[in-house]
Amino acid sequence: MNVLAATRAYVDRIVSDPNNPGMKVLLLDAETTKTVANVYSQTEILDRDVFLVERLDQARGHEPMRHLKAAAFVRPTAANFALLRRELADPRFGEYHLYFANVAPRAQLRELAESDDLEVVRQVQEFYADFVPVNDALFTLNQRQALRLNTTRPTADLLRRNVDGVLSSLLALKVQPATIRYSSASTVAKAIATEVQRAVAADGIFHFKRRATASDTGGPLLLILDRADDCVTPLLSQWTYQAMVHELLGVNNNRVRLKGTASARGDPNLDEVVLSAAADPFYAQHQHANFGDLGTAVKQLLDDYQRQTKLNENIKSIDDMQSFLERYPAFRSKSLNVSKHVALISELSRLVETHSLMDVSQLEQELACHDDGASQRREVLARIGDGRIGGEDKLRLALLYALRYEQTGNVEGLKLALAEHRVAPDRVSLVDALLRYGGGGGGGARA
């Protein structure tokens, strides 16, 4: 089960559809833009005869191009159907091939068909990629306000988006869950599980044949958890490549900004780099490698590159020149890839050293695994007063201590210490917010 491969296969079929040959325009919405960008590079898109990529909601700023065909890959939302009806009422392209990222409501499809007076729609299909793939076993819905689901009355749109994402992943992976389980203390997890179960039971499209195996335990299990069940894990420092880049540098749709860092050395090629398991074999192999092994792997990558560099320096004839030119695109690509990973590991190392993250991580583990309130309180206060440690790391230690010793520790004293050492008031207030959300006595789920 590989969501990255499944999504890429869908995009392959869209841009290489034999029913839509030749030059074409790819119309996307805000979310499918991220989906496509995470599995396809711009060069690959161009190689598939895609002349132009546009957002459906921003795509009326040029003259009609009736000589081109349009492939629209969008989520089946009411807003997108309205945009498609407007597009079909005044078409800018010669043909339209529509691909929806999830199950499209029949009523909306009927209204769309009635809007196609000029009969420019050639086909309508459903390609189930209503999520943004990150790894082969990980996808995200990019919900920035997801914690609102844990309010007493979560909005219907947020709840629906989670249900749609789960249903789409089941269809993409061609899996029908034999059992659906959820966190019993979470009303949100129960609501999502109930909606998913209802949808799977009501529509035969979810009913896939299951192959029995020697280790068969009764069929696929869909487990729906609530983040409030475990507030500790996200607060612990991570020490694998992908997790460290995400935590210390930030990753936005596979892109990492290094502009302005010492490791980028002013190189414009390193201002923003792409970390994609689909396009970078080294990253695919080492994204889960721990920090210690990662340094060795990058050193080996650099050594391999230096050997190729020496080979390219040995040019003595016309045949050598021709051979070099044939190798140059791959050589140039490897050069950029080596520079990228060296810059990333250098910046991670600098941040670990500058902010004493090894020391911070050791105390985090103590807080998570051992019960010694008095000693750990002294250690946390010492780190809060340490000028080398960043404000976010001080806050994280305070949050871990508050979760561990909510009833017995002096949490108010920690908040005062944070404020005294210039941690912003809105950040200090997160201590109380976290206890309400995931503490043992705040009405939320358990830490």
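Helix α8 (residues 241-249) contributes three residues to the lining of the largest cavity, which is the largest share from any element. The structure described here is a predicted model. In this model, the count of cavities of 30 Å³ or more comes to one, and the volume of the largest cavity is about 70 Å³. Its lining is formed by S237, Q238, W239, M244, E247, L248, L357 and R396. When these lining residues are sorted by class, four are nonpolar, two are polar and two are charged.

Open space was examined next. The second largest pocket holds about 1000 Å³ of space. A total of 39 residues line this pocket, and those nearest its centre are S41, Q42, R255, V274 and A279. Several helices and strands each supply at least two residues of the lining of the second largest pocket: the helices are α2 (30-37), α3 (42-47) and α11 (318-354), and the strands are β1 (24-28), β2 (50-55) and β11 (272-274). Among the contributors, helix α11 gives the most, with seven residues. The lining of the second largest pocket comprises 19 nonpolar, twelve polar and eight charged residues.

Key. Residues are numbered from 1 along each chain as its sequence is written. This is a predicted model: local features need pLDDT of at least 70, side-chain atom pairs count only at pLDDT 80 or more; totals for chains, interfaces and linings use all residues. Side-chain values use heavy atoms; hydrogens and water are left out. On a 1 Å grid over the protein atoms alone, a cavity is a set of points where a 1.4 Å probe fits but cannot get out, and a pocket is an open set with protein on both sides within 12 Å along at least five of seven lines; lining residues have an atom within 4 Å of a point. Grid points are joined across faces, edges and corners, and a volume is the space filled by probe spheres set on the points. Helices (H or I, at least four residues) and strands (E, at least two) are DSSP runs, numbered from the N terminus. Ala, Val, Leu, Ile, Met, Phe, Trp, Tyr, Cys and Pro count as nonpolar, Asp, Glu, Lys and Arg as charged, and the others, Gly among them, as polar.
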